Amino acid sequence: MEKKQMDWENIGFAYRMTEKRYVANYKDGKWGEGVLTEDANIVLNECACVLQYAQTIFEGLKAYTTKDDHIVAFRPDLNAKRMVDSAKRLEMPPFPEDRFLEAVRQVVEANAAYVPPFGSGATLYIRPYMFGSNSVIGVKPADEYQFRVFTTPVGPYFKGGAKPLTIRVSDFDRAAPRGTGDIKAGLNYAMSLHAIVSAHAEGYDENMYLDSATRTKVEETGGANFLFVTKDNKIVTPHSNTILPSITRRSLLYVAEHYLGLEVEEREVYLEEVPEFVECGLCGTAAVISPVGKVVDHGKEICFQSGMEKMGPTIQKLYDTLTGIQYGEIEAPKGWIYRIC
Ligand SMILES: *Cc1c(COP(=O)(O)O)cnc(C)c1O
């Protein structure tokens, strides 16, 4: 298989069309057989439920080339499971987990020429998603759905080293108690757009959202979970049922405990105690961990000991160990690496 000739290090994070995508339709109460297609466009009725009432969910994961030249994905079974949870919450028919894995495998294999080579730092981003496709005007779930998976190559997240981020405490809320914060739905992102555009306009990289009931506890950013390091090198992550259960964060906690021998704590984290932490990171598929150097709470600056130049030592160790596991340089826990070809 001939790899595409691309400047892998410099392709950035933007949609680039690849050759094949997977499509399966749900109609008359059941999922039909899926196919790979070259058609990247979707034609929908003007009154499709997704367009009127935002009935849509998604997932995000990556395929990459390991040191011994295999193409693999990282824990896709957890994406499959999480998508079932998202579907149930929005009254959508879950796409079977085994078929999700098969769809991911087929699309990645069909686009293997776009999987960046080992060592480039680039990856093939995989986007499974599902939406209500038939026309609905009275408010109710659709009867017909489409499940799709496309891929797009993305460049290394930290080109020229990880620069710590400056984030602000947001005046907007992300998720309501008993709302939809714990599922991966487009609706959670639509309402975060204004907050992120205004954060960027004011010179911040991201928003730190607080719990909307009391506005005293740390939740997450628009698309990544928090991880903090205490003075005595304990890992702390906020526990809340309104944050999205990040697969990266769950994997990092496991790595901290079982590979690095660190103590980990999942508990409520108050904004008030954030200045006591020495390192802070944001966890998600895109970057694994992005270091945070500074949190600004309405003019009051919280600066982490790790500073604004590089990742702190513990977050660096977590990053190196997890990426080492992903690329086949460090032995992975059983079932974490899904071999595609
Ligand atoms: C996808 C997502 C994350 C990160 O989850 P991963 O499984 O680690 O990629 C975190 N927060 C939100 C709101 C998300 O949508």
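Visitor: In which loop is Lys217 found?
Guide: This is a predicted model. In it, strand E10 covers 206–208, and strand E11 covers residues 225–229. Lys217 is found in the loop between E10 and E11.

Visitor: Is Lys217 buried or exposed?
Guide: The relative accessible area of Lys217 is 17%. Buried means under 20%. Lys217 is therefore buried.

Visitor: With which side chain does the side chain of Lys217 make a polar contact?
Guide: Leaving aside neighbours within four places in sequence, Lys217 is in contact with Tyr209, Leu210, Asp211, Glu268, Val269, Tyr270 and Leu271. A polar contact of 3.1 Å links the side chain of Lys217 to that of one of these residues, Glu268.

Visitor: What distance separates the C-alpha atoms of Lys217 and Gly60?
Guide: Along the chain, Lys217 and Gly60 are 157 residues apart.

Visitor: Is Asn225 buried or exposed?
Guide: Asn225 belongs to strand E11. Its relative accessibility is 2%, and the cut-off for buried is under 20%. Asn225 therefore counts as buried.

Visitor: Are helices H6 and H7 roughly parallel or roughly perpendicular?
Guide: H6 spans residues 247–258 and H7 spans residues 313–326. Their axes come within 10 Å and cross at roughly 105°. Angles of 65 to 115 degrees count as roughly perpendicular. H6 and H7 are therefore roughly perpendicular.

Visitor: How many charged residues are in the contact of H6 with H7?
Guide: H6 contributes Thr248, Ser251, Leu252, Val255 and Ala256, while H7 contributes Leu318, Thr321, Leu322 and Ile325. By class, six of the residues are nonpolar and three polar. The number of charged residues is none.

Visitor: At what angle do H2 and H3 pack?
Guide: H2 is made of residues 76–89 and H3 of residues 97–110. Their axes are 9 Å apart, and the two helices are therefore oblique to each other. The angle is about 130°.

Visitor: Is the crossing of H2 and H3 left-handed or right-handed?
Guide: Residues where H2 meets H3 include Met83 and Val84 in H2, and Phe100 and Leu101 in H3. The handedness of the crossing is right-handed.

How values were computed: Residues numbered from 1 in each chain as written. Predicted model: local features only at pLDDT ≥ 70, side-chain atom pairs only at ≥ 80, totals over all residues. Heavy atoms only, no water. Axes fitted to C-alpha atoms, helices over the stretch in contact; angles between N-to-C directions. Helix = DSSP H or I, 4+ residues; strand = E, 2+ residues; numbered from the N terminus. Parallel < 35°, antiparallel > 145°, perpendicular 65-115°, else oblique. Left-handed = near helix turned anticlockwise from the far one by under 90°. Contact = heavy atoms within 4.5 Å. Buried < 20%, exposed > 50% of the residue type's maximum accessible area, 1.4 Å probe, protein only. Polar contact = N/O pair within 3.5 Å; in protein donor to acceptor, adjacent residues only side chain to side chain. Nonpolar A, V, L, I, M, F, W, Y, C, P; charged D, E, K, R; others polar.
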